[in-house]
Amino acid sequence: MKIEIIKCLKDNYSYLIFEEETDTVSIVDPSEFISCDKVIQKYKKLNYILNTHHHADHVDGNIELKKKYNPIVMGFEGDKDRIPGIDILLKDNQIKKIGDLVFKTIFIPGHTKGHVAYYFKNNGVIFTGDTLFSLGCGRIFEGTHTDMFYSLNKLKILPQSTKVYCGHEYTKSNLNFCLKYDFNNSVLKEKSIEINSKLKRNLPTIPTTIGEELKTNIFLRYDNNDIKQALNLKDSSDQEVFSKLRDLKDTF
Ligand code: ZN
Ligand code: FE
């Protein structure tokens, strides 16, 4: 499995997946036609589009790519009326293949009510859209804080080596937020050096891994005592701490 990171719009990432055995080309969340097509042209074909959710900055390339390459578009069944050009409606936990690559659709509502992740277990890769970011999580637009909390917990339990490819380059602002409330975290401080050096060279900070996120992403660390202390929420439940963090980030 070869993954090409495609920078789109201001800070979006689309991902091209190439599977050599069966010469299958797929794209996750084509934000826009032109940037994606530049990369697809090298392969001269596009077999599949996988959309994590219906927002314009994740589906705007669908129709033009469909016209040019006639790929099969997949997305969550609940979003059948708002993902442009959708052909295959996926259910939670459904197993599918693109070429030889097997993936599972994991339903993770909160950012939107039809958001999914695509998990390629055999390859140790997951595409998380706008739910789990490097050092952050998505804004809650259509779901509830509880939805987002349980969705992130579904991702937390994946193998730590799993590589995470998310929908945006939000790492720097997420890092600043994490540092504000998790200032004793030495792993986070180390990671900040790596992030800053990548960004200085104009490189993506993606992928991250589940293991790294467990150690550094404050939205997965709501049970950490230092963080609870920093928020003045020593006796609060995990979900209360998570909700407070999400609210604080909205105005950060
Ligand atoms: Zn979105
Ligand atoms: Fe987005």
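Where is K172 found?

Analyst: K172 is found in helix α5, residues 171–181. Helices here are DSSP runs of H or I with at least four residues, strands are E runs of at least two, and both are numbered from the N terminus. Before going on, a bit of housekeeping: this is a predicted model, where local features need pLDDT of at least 70 and side-chain atom pairs count only at pLDDT 80 or more, while totals for chains, interfaces and linings use all residues. Residues are numbered from 1 along each chain as its sequence is written, chains are lettered from A and ligands numbered from 1 in the order in which they are written, and side-chain values use heavy atoms, leaving out hydrogens and water.

Back to K172. With a relative accessible area of 36%, K172 is partly exposed; buried means under 20%, exposed means over 50%, and partly exposed is in between, using a 1.4 Å probe and protein chains only. Leaving aside residues up to four places away in sequence, K172 touches N196 and L199, where contact means heavy atoms within 4.5 Å. S237 is another story: K172 and S237 sit 65 residues apart in sequence and 28 Å apart in space, C-alpha to C-alpha.

Now for the metals. The iron ion (ligand 2) is held by D57 (OD), H58 (NE2), D130 (OD) and H168 (NE2), at 2.1 to 2.3 Å. Donors are N, O and S atoms within 2.8 Å of the metal (3.2 Å for Na, K and Ca), and since water is not among the atoms, sites may look incomplete. Along the chain, the iron donors follow the spacing D-H-x71-D-x37-H. H58 is in helix α2 and H168 is in the loop between β13 (163–166) and α5, 110 residues apart, so this pair links distant parts of the chain. Both H58 and H168 are buried. Four donors count as tetrahedral if all angles lie between 85 and 135 degrees; four count as square planar and six as octahedral if opposite donors are over 155 degrees apart and all others between 65 and 115; anything else is irregular.

The zinc ion (ligand 1) is coordinated by H53 (NE2), H55 (ND1), H111 (NE2) and D130 (OD), at 2.2 to 2.3 Å. Its four donor atoms subtend angles of 86 to 172°, which makes this arrangement irregular as well. The zinc and iron ions are 3.1 Å apart, and D130 coordinates both. H111 lies in the loop between β8 (101–107) and β9 (116–120) and D130 in the loop between β10 (125–129) and β11 (132–133), so the pair ties together parts that are 19 residues apart in sequence. H111 is buried at 4% relative accessible area, and D130 is buried at 4% too.

H58 also turns up next to N51. N51 sits in the loop between β4 (48–50) and α2 (56–59) and is buried at 0% relative accessibility. Its contacts, not counting residues up to four places away in sequence, include H58, V59, N62 and Y118.

On to L188, in helix α6 (residues 186–200). L188 is buried, at 0% relative accessible area. Not counting residues up to four places away in sequence, it touches L135, L175, C178, L179, D182 and T216. L188 and L135 are 53 residues apart in sequence but 9.3 Å apart in space, C-alpha to C-alpha. L135 itself, found in the loop between β11 and β12 (136–137), is buried at 0% and has a positive phi of about 65° although it is not a glycine.

N93 has a positive phi too, near 70°. N93 lies in the loop between β6 (88–90) and β7 (95–98) and is partly exposed at 44%. One more backbone feature: a cis peptide bond joins I206 and P207, with omega about 0°. P207 is in the loop between α6 and β14 (208–209). For context, most residues other than glycine have a negative phi, and most peptide bonds are trans.
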